[in-house]
Protein chains: 2
Amino acid sequence: VTLHELQLLRPALSTHLVPSGEAAKAPAVVERLWSELEIGRDGWIVGFGGGSTTDVAGFVAATHLRGVRWVAVPTTLVGMVDAAIGGKTGINTAEGKNLVGAFHFPQQVFVDPSFLATLPDEERQAGMAEVVKTGLLAGSELWELPEVEMIRACAAFKASVVLADPYEREGRRTILNLGHTFAHALEAGSGYELRHGDAVALGLLAALRLSGRSTDVVEELLAPEPVRADRDRAWQALLRDKKGELNLVLLGDEGGYLSPVPEADVRRALDELIAD
Amino acid sequence: VTLHELQLLRPALSTHLVPSGEAAKAPAVVERLWSELEIGRDGWIVGFGGGSTTDVAGFVAATHLRGVRWVAVPTTLVGMVDAAIGGKTGINTAEGKNLVGAFHFPQQVFVDPSFLATLPDEERQAGMAEVVKTGLLAGSELWELPEVEMIRACAAFKASVVLADPYEREGRRTILNLGHTFAHALEAGSGYELRHGDAVALGLLAALRLSGRSTDVVEELLAPEPVRADRDRAWQALLRDKKGELNLVLLGDEGGYLSPVPEADVRRALDELIAD
């Protein structure tokens, strides 16, 4: 299905464009969408695009008329295996990414891998970082599967974890953050110049090192290179909201688990990801 | 409890002021609060003030970090008997009131009638419109009770209706809108110059007339007078989101119920509320 076909199917569909990438996740974009929408409580929103687009579409669906139903149609690999699944919607503010948002589960997520035919290589690589993360957590080399099965397996794994802890209240959902504490810190330390996929690849390296496990898969499939970033800024971002003991998601034989890690070890692992 | 006492009790409390009245319920205020808040997911927000303040505080609680817990401390009669109860949070946009919002239930609602000692008469009158509405729906002259019992009875009635249909999906909660379709139309038709309590008093008149019931109580307690408003603008506002058949909340012997009403009758009832 293409956007054009959607419009042919549903002539009443109104379309609202958002900027590509993270620029979609801005308060000003949300305010514009709030103003443009004319649907009632029985209306639906279709989030059609990459992870940023479905994030903002879902957040607008959560807040328009105190919540309307929505459908996600991810068109990128990262959207299909991660971003569009699990009901986390959100936008960015000057203070940080995804600090504003809501849990608002889509009624359906339509995954059509034919969108990937035109996906740029760097976008595919960004998605592969989440595929590798998912495979590590699932204890299965999901990245070896043919594309369609790989996507299905990643989406299914994420959905199963989310269903066990939909609102991330019990810690079980938190394992999906494997490597992401470092990734977010690197993104902040680079002034958000670093692409999310590259940051996640580096974050996985650090998480595997702290877990005492081989990093071969990450090196082979994602080939992460240390990046330029402000070390102090990255460290401050990591400490934020982690007052006192640092609890990180590590990888064990049974999958991901939360564990306290000494601050010096975390700092060292972060520093290794940053180029001089 | 006063705001000052709250600060003494909880030195870590950070306070964030919002404009009084509907001006609090603006996207710009929400954006500022999103930026100012530094609490984590285990933090709480206390909405302390009138209905507009608790509405915006609750909405920010719904959307900060995908939802944090909050407590409502209403300081006006309308807040204590209506606005702070039931989990509806929201803000206004140029397109209309409460078109943006979320259902996000407070952990607690602290009602301290001693706040009412300094409440201006016109604010008390605005609250009495909701008290009369509640009494009509409850089939009991709640307005005759001593103030503290009156507040408790109104809050309890609203809470019981909300609990039967928290997300307004089954129509049962909708009965709380008795008179409010007309009130919202009059507010729009007056360019939002009309105070909500006055609009609700007039809306109750129209709803009782269409229900074929006496309007004596409303006339005696609220003494509503027809107001200046743009008739067409009010009518268009009323039709908005009511495509096709007009379903209104009417009052019967068993309480409120939803019923289709012929368009011409609705229009006539609305016109009677507007002064030439």
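The area buried between chain A and chain B is about 2300 Å², with carbon and sulfur atoms giving 50% of it; buried area here is the accessible area (1.4 Å probe) that two parts lose on being put together, summed over both. The size of an interface is often given in this way, as the accessible area lost when the parts come together. In chain A, W34(A), R41(A) and R66(A) lose the most area to chain B, together 30% of what that side buries. Counted by residues, 26 of chain A are in contact with 26 of chain B, where contact means heavy atoms within 4.5 Å.

The model is predicted, so local features need pLDDT of at least 70 and side-chain atom pairs count only at pLDDT 80 or more, while totals for chains, interfaces and linings use all residues. Residues are numbered from 1 along each chain as its sequence is written, chains are lettered from A and ligands numbered from 1 in the order in which they are written, and side-chain values use heavy atoms, with hydrogens and water left out.

Salt bridges come next. With a salt bridge taken as a side-chain nitrogen of Lys or Arg within 4 Å of a carboxyl oxygen of Asp or Glu, two are found across the interface of chain A and chain B. R41(A) forms a salt bridge with E168(B), their closest N and O atoms being 2.7 Å apart. Over all chains the count comes to 34 salt bridges. Among them is the pair K25(B) and D55(B) (2.7 Å, N to O). K25(B) lies in the loop between helix 1 (3-9) and helix 2 (27-36) of chain B and D55(B) in helix 3 (residues 51-63) of chain B, so the pair ties together parts that are 30 residues apart in sequence. Helices are DSSP runs (H or I, at least four residues), numbered from the N terminus.

How do these helices of chain B pack? The axes of helix 2 of chain B and helix 3 of chain B come within 10 Å and cross at roughly 50 degrees; axes are lines fitted to C-alpha atoms, for helices over the stretch in contact, and angles run from 0 to 180 degrees between N-to-C directions. The two helices of chain B are therefore oblique to each other, as angles under 35 degrees count as roughly parallel, over 145 as roughly antiparallel, 65 to 115 as roughly perpendicular and the rest as oblique. On the side of helix 2 of chain B, the contact is made by V29(B), V30(B), L33(B) and W34(B), and on that of helix 3 of chain B by V56(B), F59(B), V60(B) and T63(B).
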